[in-house]
Amino acid sequence: MGALIWTELKVLSRSVEFLVVTIAFPMVFFLVMSEVFGSDRAGGLDMNTYMMISMAAFGAMSVAFAVGPRVGLERQAGWNRQLRLTPLPGWGYVAVKITVAMILALPAVLLVFLAGLLVKGIELTAGQWLAIVLSCWISSLPFAVLGLLIGMAVKPESAQPLGLAVYLPMAMLGGLWMPVDILPGFMASLAKALPSYWLAEITRDRLTGTALDLLGVGVMAAWFLVALTLVIGLYRRDAARV
Amino acid sequence: MAETVTIDAAVSLRGLRKTFGEVRAVDDLNLRIAPGEVVALLGPNAAGKTTTMEMLLGLTTPDSGEIELFGRPARRAAADGLVGAMLQSGGFLGEMTSREIVQVMAAQYPKAMKVDDAIARAGVTKYARLKYSGLSGGQKQRTRFAAALVCDPDLLVLDEPTVAMDVQSRQEFWAAMRDYTTGGRTVVFATHYLAEAQDFADRVVLMRHGKIVADGSVDAIVAKVDGRTIRATVEGAGVEALAALPGVGTAQLRGEHVELHCSDSDAALRALLAEHPHARDISVTAMSLEDAFVALTADEPAMEEV
């Protein structure tokens with residue numbers, strides 16, 4: 001499994017588009033958006049810090065939704081069929097995909113935080129930095145599985161567009177682009193059912209000293225488990241395919 | 001140890017059936033292949049060769065029937081690293097180099113060959129560092145061969161391995177294969193090229209409409225069709241009269257050139273010479289594998305490709 005993960009990372013790192021568009025864009029967005037919203041406060045944080053966490057969350061999500069749908073290409077090429085002839089078990093294949101998405105989510109998150117620290121001069125304690133990095137990174141797990149689900153569920157050529165169609169509304173309604181407080185009431189309630197909302201919210205709570213929101217953890221765990229169950233089901237369907 | 005148990009079949013397929021919609025792709029197929037045999041699966045398109053291979057590898061689930069490789073289920077045999085395969089439906093990612101592909105495959109097995117050895121055996125060394133997407137059809141096939149070989153399998157399953165290769169690559173490919181099978185390994189390959197079956201296989205399994213129609217050495221298959229062809233130049237012969245000669249099945253006449261397909265060529269030749277003492281340029285030839293192939297597989301309408 002290690003060799004497969006390493007090879008996938010190597011192949012992806014050769015793609016400049018992937019590195020720039022997926023991993024670096026959230027940082028650029030952060031630098032622009034934090035100017036747009038100025039110096040208001042939101043959610044008990046100053047706007048720079050608030051947007052930094054939103055954009056880090058957005059970055060973690062973007063990577064997951066860029067990596068997962070690539071599975072569509074692999075299915076088209078017959079690569080997964082070739083791997084099925086090896087001792088690699090089905091769960092191993094799924095685990096490799098999720099691991100790759102998780103590994104690549106980390107630099108996207110770190111870049112945004114680095115820009116916050118170096119460009120925006122956001123001051124947090126080392127413990128706080130560590131807490132938000134870990135929170136943001138671990139919370140991106142449901143998205144890694146969701147991206148994979150899209151790659152396995154639809155035809156290869158539909159995977160990337162469908163990925164966008166899921167992840168942009170999810171980012172928007174989850175309040176990653178603008179604070180949920182300024183969304184209309186019904187949208188704000190809808191946000192609480194989305195993992196994207198909780199990804200940012202739980203991470204922000206690390207800075208305001210709020211206790212871990214169990215509703216949020218539950219919502220994310222539910223998305224994770226449902227997506228994983230579907231992924232396993234689809235893998236089995238693929239395995240029994242004619 | 002389980003390994004010390006005598007395993008008498010490398011491949012054992014019993015009562016295998018697979019239907020796609022209305023089409024019976026494989027219909028009650030029974031096949032036993034002993035360790036060390038090199039078997040060619042031969043047949044027209046849609047004869048069920050690919051489906052048989054995919055079921056044998058555990059990639060397609062049969063509707064009914066039993067599959068065992070070295071006395072264990074297909075998936076188990078694959079997990080034990082006993083099986084290497086080149087599939088038509090299997091493929092690699094274009095962004096990876098040939099070497100990376102072979103490396104990744106090797107890493108999946110506890111006891112793989114050295115990556116460079118597999119690459120050298122398959123003749124991939126020269127372009128091992130190029131991206132797969134930029135390779136020619138023949139180079140891609142050889143990369144796939146290296147990837148199938150690297151687990152050092154006891155059974156190699158090859159679905160039309162030389163399909164995109166030019167003549168020279170094809171020769172090199174089979175030379176590499178011969179080299180590999182001298183160690184007593186089992187090979188099953190599907191091909192459209194009769195010459196490959198003739199030159200390389202110990203045993204030919206001829207399939208049509210999902211069934212085995214002939215199974216044996218090339219000589220045995222040719223003998224099964226049982227017949228020879230008499231060619232001669234004969235003046236003033238009529239095609240009906242020729243066809244009516246004893247021992248003749250069908251007759252063809254082009255100008256003065258006579259071609260008689262015979263069930264008993266000795267009787268036919270005597271009768272021909274009795275009626276036409278001036279017949280000349282006479283030759284009697286045994287059926288080629290190609291004649292046998294046509295005779296055994298082409299008498300019914302072809303099915304759709306599945």
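Start by selecting B:Leu41, which sits opposite B:Val205 in strand S8 (residues 203-208) of chain B. Before going on, know that this is a predicted model, where local features need pLDDT of at least 70, side-chain atom pairs count only at pLDDT 80 or more, and totals for chains, interfaces and linings use all residues. Residues are numbered from 1 along each chain as its sequence is written, chains are lettered from A and ligands numbered from 1 in the order in which they are written, and side-chain values use heavy atoms, leaving out hydrogens and water.

Now select residues 38-42 of chain B, strand S3 (strands are DSSP E runs of at least two residues, helices H or I runs of at least four, numbered from the N terminus). S3(B) pairs with S8(B) in the parallel sense over four bridges; strands pair if DSSP finds at least two bridges between them.

Is S3(B) buried or exposed? Five of its five residues are buried, so S3(B) is largely enclosed by the rest of the structure (buried means under 20% relative accessible area, exposed over 50%, partly exposed in between, with a 1.4 Å probe and protein chains only). B:Val38, B:Ala40 and B:Leu42 cover one side, B:Val39 and B:Leu41 the other.

Last stop: select helix H3 (residues 47-67) and helix H6 (residues 90-118), both of chain A. Their axes are 8 Å apart, at an angle of about 155° (axes are lines fitted to C-alpha atoms over the stretch in contact, with angles from 0 to 180 degrees between N-to-C directions).
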